[in-house]
Amino acid sequence: MELIEAIATRRSIRRFQEEPVAEEHIQAIIEAAMLAPSAGNQQPWHFVVITDKEKLNRIPSFHPYSDMVRTAPAAILICGDPAGGLWPDFWVQDCSAAAQNALLAARDLGLGTVWVGVYPIEERMAGFRRLLAIPEQVLPFALIPVGWPAGPFHAVNRSKPERVHRETW
């Protein structure tokens, strides 16, 4: 698959088949996420892979927009640790770039994903800290349920020329 095709056909998938996702696919997605740019090459990200159905089923109890995780065979929680680097204020951008890489890598593999926002909502972050024993200084950022989509991917034109400005607003 070409990159532009992966970008054009990537969609937020909220229904998954029951088929498991191979560990090598999860690893490829995480490796792609780790190739993202980061301020000063700090790479503030950490990844928690969740495949335990009991844990996946508990997530909607503290995250109201995560019901789809109940049908996903796996999820990846991207966390950021802003401490210890020269550019601690850029961890959100760094983790965002990692998340986008993960979404595109999954699409390239034929897998479906959806970006479920966690940060900066304190009750969501606290829920993940409790569920997954995440240290206090590490900030749960985004949950990415991963699985084989229940339906097909379709390209959609989202181009909005009125949002493009040249030389000045």
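**Chat about contacts, rings and helices**

Colleague: Leaving aside its neighbours within four places in sequence, which residues is Met68 in contact with?

Modeller: Arg14, Phe16, Val114, Val116 and Pro145 are the contacts of Met68, once residues within four places in sequence are set aside. Keep in mind that this is a predicted model.

Colleague: Where is the place of Met68?

Modeller: Met68 sits in the loop between α3 (53-58) and β2 (74-80).

Colleague: Buried or exposed, that Met68?

Modeller: Buried: Met68 has a relative accessible area of 9%, and the cut-off for buried is under 20%.

Colleague: OK, over to Thr113. What does Thr113 touch, not counting residues up to four places away in sequence?

Modeller: Thr113 touches Arg11, Ser12, Ile13, Phe16, Leu103, Ala106, Ile144, Pro145 and Val146, with residues up to four places away not counted. Thr113 belongs to strand β3 (residues 112-113) and is buried, with a relative accessible area of 3%.

Colleague: Ile144 then. Which strand is Ile144 found in?

Modeller: Strand β5, residues 139-147. Ile144 has 2% relative accessibility, so Ile144 counts as buried.

Colleague: And what does Ile144 touch, not counting residues up to four places away?

Modeller: Ala74, Ala75, Ile76, Ile78, Ala99, Ala102, Leu103, Thr113 and Val114, again not counting residues up to four places away in sequence. As for Leu103, its C-alpha is 8.0 Å from that of Ile144, and the two are 41 residues apart in sequence.

Colleague: Switching to rings. How many aromatic pairs does a search of the whole structure find?

Modeller: The search finds 6 aromatic pairs. One of them is Trp87 with Phe90, an edge-to-face pair with 6.3 Å centre to centre and 70° between the planes. Trp87 is partly exposed at a relative accessible area of 44%, and Phe90 is partly exposed too, at 33%.

Colleague: What about Trp91 and Phe141: why does that pair count as edge-to-face?

Modeller: Because the planes of Trp91 and Phe141 are at 75°, with the ring centres 5.8 Å apart, and edge-to-face means planes over 60 degrees apart. The pair links distant parts of the chain: Trp91 is in helix α4 (residues 91-108) and Phe141 is in strand β5, 50 residues apart.

Colleague: Are Trp91 and Phe141 buried or exposed?

Modeller: Trp91 counts as buried at 6% relative accessibility, and Phe141 counts as buried at 6%. Ring pairs also link Trp91, Trp115, Tyr119 and Phe141 into a cluster.

Colleague: Which residue lies over the face of Phe153?

Modeller: Arg107, at 3.7 Å from the ring centre of Phe153.

Colleague: Helices next. At what angle do α2 and α4 pack?

Modeller: Helix α2 (residues 23-34) packs with α4 at an angle of about 140°, and their axes are 7 Å apart. The α2 and α4 crossing is right-handed.

Colleague: Which residues make the contact of α2 and α4?

Modeller: From α2, Ile29, Ala32 and Ala33; from α4, Ala98, Asn101, Ala102, Ala105 and Ala106.

Colleague: What follows α5?

Modeller: Ala133, with a positive phi near 55°.

Colleague: What is the phi of Gln43?

Modeller: Gln43 has a positive phi of about 50°, though it is not a glycine. Gln43 lies in the loop between α2 and β1 and counts as partly exposed at 37% relative accessibility. Glu167 also has a positive phi, near 70°, and is a residue other than glycine. Glu167 is in the segment after β5 and counts as exposed at 86% relative accessibility.

Colleague: Last one. Is the peptide bond from Tyr119 to Pro120 cis or trans?

Modeller: Cis, with omega near 10°. Pro120 is in the loop between β4 and α5.

Definitions and conventions:
Residues are numbered from 1 along each chain as its sequence is written. This is a predicted model: local features need pLDDT of at least 70, side-chain atom pairs count only at pLDDT 80 or more; totals for chains, interfaces and linings use all residues. Side-chain values use heavy atoms; hydrogens and water are left out. Helices (H or I, at least four residues) and strands (E, at least two) are DSSP runs, numbered from the N terminus. Buried means under 20% relative accessible area, exposed over 50%, partly exposed in between (1.4 Å probe, protein chains only). Contact means heavy atoms within 4.5 Å. Rings of Phe, Tyr and Trp (its six-membered ring) pair if their centres lie within 6.5 Å; planes under 30 degrees apart count as stacked, over 60 as edge-to-face and the rest as tilted. A charge sits over a ring if NZ of Lys or CZ of Arg is within 6 Å of the ring centre and within 35 degrees of the ring normal. Axes are lines fitted to C-alpha atoms, for helices over the stretch in contact, and angles run from 0 to 180 degrees between N-to-C directions. A crossing is left-handed if the near helix is turned anticlockwise from the far one by less than a right angle, and right-handed if clockwise.
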